[in-house]
Amino acid sequence: MAEMKVSLCGIELDNPVIPASGTFGFGYEFAELYDINMLGTFSFKGTTKDPRFGNPTPRIAECYAGMINAVGLQNPGVEKVISEELPKLAKCFDKKVMANVSGFSVDDYVYTCEKLSACEQVGWLEVNVSCPNVHGGGMSFGTSPEAAAEVTAAVRKVTDKPVIVKLSPNVTDIVSIAKACEAAGADGISLINTMLGMRIDLRRRKPVIANKMGGFSGPAIFPVAVRMVYQVANAVSIPVVGMGGVSSAEDVIEMMLAGATAVEVGAANLVDPYACKKIIETLPETMDKYGITSLTEIIGGAK
């Protein structure tokens, strides 16, 4: 029988499949479609200290084998997430959830992480220093080892829950940033966030997205994600959560062979809301196809 369980920063998951932040809302929306308790866990919508309306529309542009988004971290703010969103989630999800946190200053990150850390439902803090479609903060913290480490160290001081730092692929040396986060106290690294992309409307001769540029995601970025997961997993001693263009059970296994302990699924959820359900359901037969009896045993198996 296929053993799909993995341990992420000391917390056991029934399987390694995790819907990525920004593609699964606060979970209860998808619970209307299927039992989301079948998931390993999920990373809820990126949360900031204060409410955010997000970027002006249009925010989405289609691409070959992917999409570009510039939603701009639209969310109700941490206070309402705790008072309204998490209670709704508790009615349909009985596992620990991953809280995705963004900020525009170190103090923002600290405040939001401390608040969410106090919530019993929250198992991990996924600290996003890599958002490419907001002005100020966001990706600027994820493009230098020093800035990423500063955020990591500050958050580490206010929580005893696992801190997983989410990194940007829009850098020249992903390994140095990952190692700086590890040295500053990170319990895990998640990557990659979206790449920076752009589309132009030929008739209007203007960018499709009001923000001009946004985060490029989807199957087209999968090889880049596998490469970066492999590089980071071989450079740090903490778990890596891999993501970027994952859309099948085969992709999950490839990410794990590259070194991922767990795998997030993003844009695929926007194309097919049953994407994660299908991946989990087909994982056992896919494991059997490749002679895999335990997923834990293949982590980092590609040498």
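Two strands count as paired if DSSP finds at least two bridges between them. Helices (H or I, at least four residues) and strands (E, at least two) are DSSP runs, numbered from the N terminus. This is a predicted model, in which local features need pLDDT of at least 70, side-chain atom pairs count only at pLDDT 80 or more, and totals for chains, interfaces and linings use all residues. Residues are numbered from 1 along each chain as its sequence is written, and side-chain values use heavy atoms, with hydrogens and water left out.

**The seven-stranded sheet**

Seven strands form an open sheet with parallel pairing, in the order S3-S15-S14-S9-S8-S7-S6. Strand S3 (17–19) and S6 are the edge strands; each has a single partner strand, so one side of each lacks a neighbour in the sheet. On average, neighbouring strands of this sheet are turned by 30 degrees against each other, direction ignored.

Start with the pair S8 and S9. Strand S8 (residues 163–166) runs parallel to S9, and three bridges join them. Ile164 has Gly188 in S9 as its bridge partner. Lys166 is bridged to Ser190 in S9.

Which way do the residues of S9 point? In strand S9 (residues 188–191), Gly188 and Ser190 point one way, while Ile189 and Leu191 point the other way. In a regular strand the side chains alternate between the two faces of the sheet. Gly188, Ile189, Ser190 and Leu191 are all buried, meaning under 20% relative accessible area with a 1.4 Å probe and protein chains only (exposed is over 50%, partly exposed in between).

Now S6 and S7. Strand S6 (residues 97–101) pairs with S7 in the parallel sense over five bridges. Asn100 has Glu126 in S7 as its bridge partner. Strand S7 (residues 122–128) is mostly covered, with seven of its seven residues buried.

**The four-stranded sheet**

A second open sheet has four strands in the order S4-S5-S13-S10, with antiparallel pairing. Strand S4 (60–63) and strand S10 (195–197) stand at its edges, each with a single partner strand, so one side of each has no neighbour in the sheet. The twist averages 35 degrees from one strand to the next. Strand S5 (residues 66–69) and strand S13 (residues 214–217) run antiparallel and are joined by three bridges. Ile68 stands opposite Phe216 in S13.

**Helix packing**

Two packed helices are described by the angle between their axes and the distance between the axes. Axes are lines fitted to C-alpha atoms, for helices over the stretch in contact, and angles run from 0 to 180 degrees between N-to-C directions.

| Helix pair | Angle | Axis distance |
|---|---|---|
| H2 (residues 78–90) and H3 (residues 106–117) | about 15 degrees | 10 Å apart |
| H5 (residues 174–183) and H6 (residues 222–233) | roughly 45 degrees | within 9 Å |

H2 and H3 are therefore roughly parallel to each other. Angles under 35 degrees count as roughly parallel, over 145 as roughly antiparallel, 65 to 115 as roughly perpendicular and the rest as oblique. In H2, Val78, Glu79, Val81 and Ile82 meet Tyr111, Thr112, Lys115 and Leu116 of H3, where contact means heavy atoms within 4.5 Å. By class, the contact of H2 with H3 has five nonpolar, one polar and two charged residues.

H5 and H6 are therefore oblique to each other. Ile174, Val175 and Ala178 of H5 make the contact with Met228, Gln231 and Val232 of H6. By class, the contact of H5 with H6 has five nonpolar, one polar and no charged residues. Ala, Val, Leu, Ile, Met, Phe, Trp, Tyr, Cys and Pro count as nonpolar, Asp, Glu, Lys and Arg as charged, and the others, Gly among them, as polar.
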